[in-house]
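Have the sequence and the 3D view open as you read.

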Amino acid sequence: MIDLYFSATPNGQKVALLLEETASPYQLKQIILNKNEPSGRYFLNISPNNKTPAIVDYQPVDGGKPVALFESGAILIYLAEKSGKFLSAEWRERAITLQWLFWQTSELGPIFEQNYHFNQVAMQTIPYAIERFQLKTQGLYKVLNHQLEQNPWVTGDHYNIADMAIWPWINCHQQQRIDLTNYPSIHNWFTRIQSRPATQRVRKMMQKIS
């Protein structure tokens with residue numbers, strides 16, 4: 001059994017997608033950050049950075065004590081390796097998958113988050129910041145669209161953790177002021193993932209907790 005410490009964010013959704021795709025048994029433990037909750041100190045022992053997602057795996061492959069992990073990219077790799085699914089053991093395919101996973105965690109995610117912040121929640125309107133992160137967001141959409149013009153999935157012929165990492169952020173395209181019809185290859189890819197049963201289950205879960 002795995003405890004998934006979860007907030008309604010793109011990073012939380014990508015871990016939920018993998019757990020659903022692999023039919024891994026898990027319990028959802030919703031965390032509302034920035035609130036003084038009794039579980040706060042316990043959660044910091046699991047996620048020292050005080051961010052979701054995080055997991056505790058009570059049945060690790062070595063049979064030892066529970067494994068606690070934070071950082072969504074690390075969690076995806078751990079769960080994919082444990083299940084033997086969605087991360088190829090073939091070295092070339094694995095390297096390309098990890099490349100695009102890290103592109104999401106180091107580039108796409110942070111830029112999209114800044115786009116959302118300055119467009120949606122910043123207490124001051126800062127035109128320079130809004131324009132800067134909008135242009136960067138559009139540039140990343142162009143990179144992804146070009147990649148998907150050449151492949152059915154982000155890293156090639158197989159759906160894997162790179163797709164799962166990126167999809168929840170593209171699911172926020174309206175908040176990013178992005179029209180997916182301007183990026184036809186992304187639009188096609190996005191729709192195919194959206195129709196997957198595991199994705200539908202995660203979407204229903206999001207509706208319940210939002």
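## Ground rules and overall fold

Helices (H or I, at least four residues) and strands (E, at least two) are taken as DSSP runs, numbered from the N terminus. On that basis the chain has eight helices and four strands, and read along the sequence they follow the pattern β-α-β-α-β-β-α-α-α-α-α-α.

A word on where this comes from: the model is predicted, so local features need pLDDT of at least 70 and side-chain atom pairs count only at pLDDT 80 or more, while totals for chains, interfaces and linings use all residues. Residues are numbered from 1 along each chain as its sequence is written, and side-chain values use heavy atoms, with hydrogens and water left out.

## Size and packing

For 210 residues, a compact globule would have a radius of gyration near 17 Å, and the chain agrees, with 17 Å. That radius is taken over C-alpha atoms, and the globule rule is 2.2 Å times the number of residues to the power 0.38. Along the principal axes, the C-alpha atoms fill a box of roughly 50 × 45 × 30 Å.

Of the 210 residues, 45% count as buried; here buried means under 20% relative accessible area, exposed over 50% and partly exposed in between (1.4 Å probe, protein chains only). The chain exposes about 11,300 Å², with carbon and sulfur atoms supplying 51% of it. Those areas come from the Shrake-Rupley method with a 1.4 Å probe, and for residues only the protein chains shown count as cover. As for contacts (heavy atoms within 4.5 Å), take those between residues at least 6 apart in sequence: 64% of them join residues at least 24 apart.

## Helix H1

Helix H1 covers residues 10–21, and its twelve residues should span 16 Å at 1.5 Å a residue; the end C-alpha atoms are 16 Å apart, which agrees. The expected span is 1.5 Å times one less than the number of residues. How many of the twelve residues of H1 are buried? Eleven of them are, so H1 is mostly covered. The buried set includes Pro10, Gly12, Val15 and Leu17. After H1 comes Ala23, with a positive phi near 55 degrees.

Gln13 is in helix H1 and is buried, at 8% relative accessible area. Leaving aside residues up to four places away in sequence, Gln13 touches Phe6, Trp167, Pro168, Asn171, Val202 and Met206.

## Aromatic pairs

Rings of Phe, Tyr and Trp (its six-membered ring) pair if their centres lie within 6.5 Å; planes under 30 degrees apart count as stacked, over 60 as edge-to-face and the rest as tilted. By this rule there are nine aromatic pairs. In one of them, the rings of Tyr141 and Tyr183 have centres 5.2 Å apart and planes at 40 degrees, so the pair is tilted. Tyr141 lies in helix H5 (residues 127–150) and Tyr183 in the loop between helix H6 (161–170) and helix H7 (184–194), so the pair ties together parts that are 42 residues apart in sequence. Tyr141 is buried at 1% relative accessible area, and Tyr183 counts as buried at 10%.

Another tilted pair is Trp153 with Tyr159, whose ring centres are 5.0 Å apart with planes at 55 degrees. Trp153 is buried at 12% relative accessible area, and Tyr159 is buried at 8%. Elsewhere, ring pairs link Tyr5, Tyr42 and Phe43 into a cluster.

## Charges over rings

A charge sits over a ring if NZ of Lys or CZ of Arg is within 6 Å of the ring centre and within 35 degrees of the ring normal. The charged end of Arg192 sits over the ring of Trp153, 4.4 Å from its centre. Likewise, the charged end of Arg132 sits over the ring of Phe133, 5.5 Å from its centre.
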